[in-house]
Amino acid sequence: MKMSLLTPHVYWAQRHEDIYLRVELIDTQNMKVHMHENVLEFSGQGHGAKGQNDYQFSLAFRLPVNPEVSFKSTQRQVSITVKKAQRGWWDRLTIQEKKPLFLAPDFDRWLEESDAEMEIHEKEENQKRVKVSRREENGRLSVKTIFLFLYNLVQFLCFSWIFINMTVRLFILGQDSMYDTFHTMSDVMFFCQTLAAIEVVNAAFGVVKTGVVPTLIQVVGRNFILFIIIGSLEEMHNKAVVFFVFYPWSAIEIFRYPFYMLGCFNTEWKDLTWLRYTAWIPLYPLGALAEAVAVVQSIPLFDEANLFSIDLTKSIGVSIRFSHFLYIYLVLMVFALTVNFRHLYKQRKRRFHTKKRKAQ
């Protein structure tokens, strides 16, 4: 019986150097894969969307590719890898703008360009961790490793002290403990947040591979709330909002810093990793909300004290009040929250998406 020629379902994904194609054909036989003048031609017999038939397709790639094609046929599918002639990111796969009907994204392997860069970064980080591990096996700890471990250890101990003390005081004293948070916790919190400036320097000079902008936003934002909004106004010291600012801050850090401590020695604890990349989801927005409430509560106090305001009435007849800046700051907080939330989400996606692929 003569079989009709049909087109199989083909799914594609890309990286900066490769194109990945997945052809949905079961038990493929008499398969031919050929590249000619930047056009990939495929034919084979197998069980596809239209049952057992002969299937074929051709793809004219948008940009030049290497003529050598690697492919592998399994019982469930055919996997084809094509090397790009020049490293880069394509906005589409084929030379024609309208994609063929049989072609669709392979969402199991699909990454946006920024995510693909993160994947490369992850591979580089793994290679570096392997090198660090080898050095440590030989008993040669680098100064950088010791410095980062000690920094994270100090921050972990300090934030743990804050979190445990606030929790214990809340259970013993109840709501009354909230109004005394600044007087009992501020010294250690001042120390922690001053020390956190090191993280911006580390990111800027490449001591640790992380984004400079998200790190700068978090450190500067927290220090502005701590030192200016809360610390500079005595009336703010007795407000319950201080408790709701300090508590999420410390809760996030008691997972983050021990994760980094273990990372210094290329070690990972599965539960801690999950907490480090998950605990921020409820805690980060709650902390940001508490910070916004603190700013709103401080505005009439700054107006009353006339603190940080600039009197220019004699020169230009205008007085620049600090409260005007705080209204702008509230708007900027929304932007900063969006940037950092997106950064943290991408970190989580990269971590667990990578692990999921390895498990498969």
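**Strands, helices and a few contacts**

Strand E4 (residues 26–36) and strand E5 (residues 39–48) pair in the antiparallel sense, with 7 bridges between them. Some bookkeeping on those names: helices (H or I, at least four residues) and strands (E, at least two) are DSSP runs, numbered from the N terminus, and two strands pair if DSSP finds at least two bridges between them. Bear in mind that this is a predicted model, where local features need pLDDT of at least 70 and side-chain atom pairs count only at pLDDT 80 or more, while totals for chains, interfaces and linings use all residues. Residues are numbered from 1 along each chain as its sequence is written, and side-chain values use heavy atoms, with hydrogens and water left out.

Back to E4 and E5: they make a hairpin with 2 residues between them, and glutamate 37 in the turn has a positive phi of about 50 degrees. If you want a landmark in this pair, valine 33 stands opposite phenylalanine 42 in E5.

Next up is an open sheet of 5 strands, ordered E7-E8-E3-E2-E9, with mixed pairing. Its edges are strand E7 (65–73) and strand E9 (103–105), each of which pairs on one side only. On average, neighbouring strands of this sheet are turned by 25 degrees against each other, direction ignored. Tryptophan 12 stands opposite proline 105 in E9.

Now for some charged contacts. Call it a salt bridge when a side-chain nitrogen of Lys or Arg is within 4 Å of a carboxyl oxygen of Asp or Glu; by this rule the count comes to 10. One of them joins the side chains of arginine 87 and glutamate 17, at 3.7 Å from N to O. Arginine 87 sits in the loop between strand E8 (78–84) and E9, and glutamate 17 in the loop between E2 and strand E3 (18–23), so the pair ties together parts that are 70 residues apart in sequence.

On to the helices. H2 and helix H4 (residues 197–204) pack at an angle of about 150 degrees, with their axes 12 Å apart. Axes are lines fitted to C-alpha atoms, for helices over the stretch in contact, and angles run from 0 to 180 degrees between N-to-C directions. Angles under 35 degrees count as roughly parallel, over 145 as roughly antiparallel, 65 to 115 as roughly perpendicular and the rest as oblique, so H2 and H4 are roughly antiparallel to each other. H4 also meets helix H5 (residues 212–230): the axes come within 9 Å and cross at roughly 170 degrees, so H4 and H5 are roughly antiparallel too.
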